[in-house]
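Welcome! Please take a moment to look over the sequence and the 3D structure shown here.

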Amino acid sequence: MIDPVSGEDVNDRPRRGPSATRLPLLLPGSLSDEQRAVYEAVTGGPRAAGRTPPFGLADDIGRLHGPFNAMLYSPSVGLPLQDLGAALRFRTAFTEREREIATLVVAAHVRSDYEWYAHERIGRRHGLTGAELDALREGRAPMLGDVRERVVHEAARQLAAEGDLADAVYTEAVATLGRGAVVELVALVGYYKALALQLRVFRVGVPDGEDAPAWPAGDPAEQGPGGAGA
């Protein structure tokens, strides 16, 4: 099979890493200048800054994990898309816990294995407990002592499940978080739902050697705010 971007025979490449993906994992040495700009923005930007990232952005031969490999195939879309993700992770009004609560709500609602794998690790680093993570994974409301976190959770849950905010939830979110943060929260939910769609279409799972999350039984679309079957 010939890679339409690099012209290489992908069957001759080392076959390490996820094997079921529909998009061949691109080697750093095969990238065009435009693709290289996306690659460097991902691996050299804020996601990789500071202490060791909680999950690997690339495999041991440099191929990008998760949604980032797909971004290389369309640099004109991939570059602004990864920058939007960086803005939502590092340049919003949310605390790190608030941001990860919202992201994990989306990952659990759409049952995105890779999104959960990555953001569970980020969430743990920023203080989410095992009990809180279990509740989020199972579609239940975690016991949150902070009013902002409770509002973020409920608003993200409603956005993910219904694609809208009821008047009461919207009013509370504006009063508690501010209008700017509500704009950011809507963008965050939309961004991670878009990534989850790409991950599903291109058959991207967790990296080799990692366990997929244990999702609860039942159709997630039928889960209410209390969890499966509610």
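What follows is a short tour, grouped by topic.

This is a predicted model, in which local features need pLDDT of at least 70, side-chain atom pairs count only at pLDDT 80 or more, and totals for chains, interfaces and linings use all residues. Residues are numbered from 1 along each chain as its sequence is written, and side-chain values use heavy atoms, with hydrogens and water left out. Helices here are DSSP runs (H or I, at least four residues), numbered from the N terminus.

**The nonpolar core**

- The largest nonpolar core has 55 residues; such a core is a set of buried Ala, Val, Leu, Ile, Met, Phe, Trp, Tyr and Cys residues joined through side-chain atoms within 4.5 Å.
- Those with the most contacts inside this core are Phe55, Met71, Leu72, Trp116, Leu177, Leu185 and Tyr191.
- The largest share of this core, 9 residues, comes from H9.
- Leaving aside residues up to four places away in sequence, Leu177 touches Phe94, Arg148, Val151 and Val152 (contact means heavy atoms within 4.5 Å).

- The axes of helix H5 (residues 113-125) and helix H9 (residues 179-201) come within 8 Å and cross at roughly 125°; axes are lines fitted to C-alpha atoms over the stretch in contact, and angles run from 0 to 180 degrees between N-to-C directions.
- From H5, the contact is made by Tyr114, Glu115 and His119, and from H9 by Tyr192, Leu195, Ala196 and Leu199.
- By class, this contact of H5 with H9 has 5 nonpolar, 1 polar and 1 charged residues (Ala, Val, Leu, Ile, Met, Phe, Trp, Tyr, Cys and Pro count as nonpolar, Asp, Glu, Lys and Arg as charged, and the others, Gly among them, as polar).

- Arg63 sits in the loop between helix H1 (33-44) and helix H2 (68-73).
- With 5% relative accessibility, Arg63 counts as buried (buried means under 20% relative accessible area, exposed over 50%, partly exposed in between, with a 1.4 Å probe and protein chains only).
- The side chains of Arg63 and Asp59 are joined by a polar contact of 2.7 Å; the term means a pair of N or O atoms within 3.5 Å, where, within protein, one must be able to donate a hydrogen and the other to accept it, and residues adjacent in sequence count only if both atoms are side-chain atoms.
- Arg111, in the loop between helix H4 (96-110) and H5, has a phi near 50°, a positive value in a residue other than glycine.
- Arg111 counts as partly exposed, at 21% relative accessibility.
- Arg203 lies in the segment after H9 and has a positive phi of about 60° although it is not a glycine.
- Arg203 is partly exposed, with a relative accessible area of 42%.

Technical notes: Helix = DSSP H or I, 4+ residues; strand = E, 2+ residues; numbered from the N terminus.
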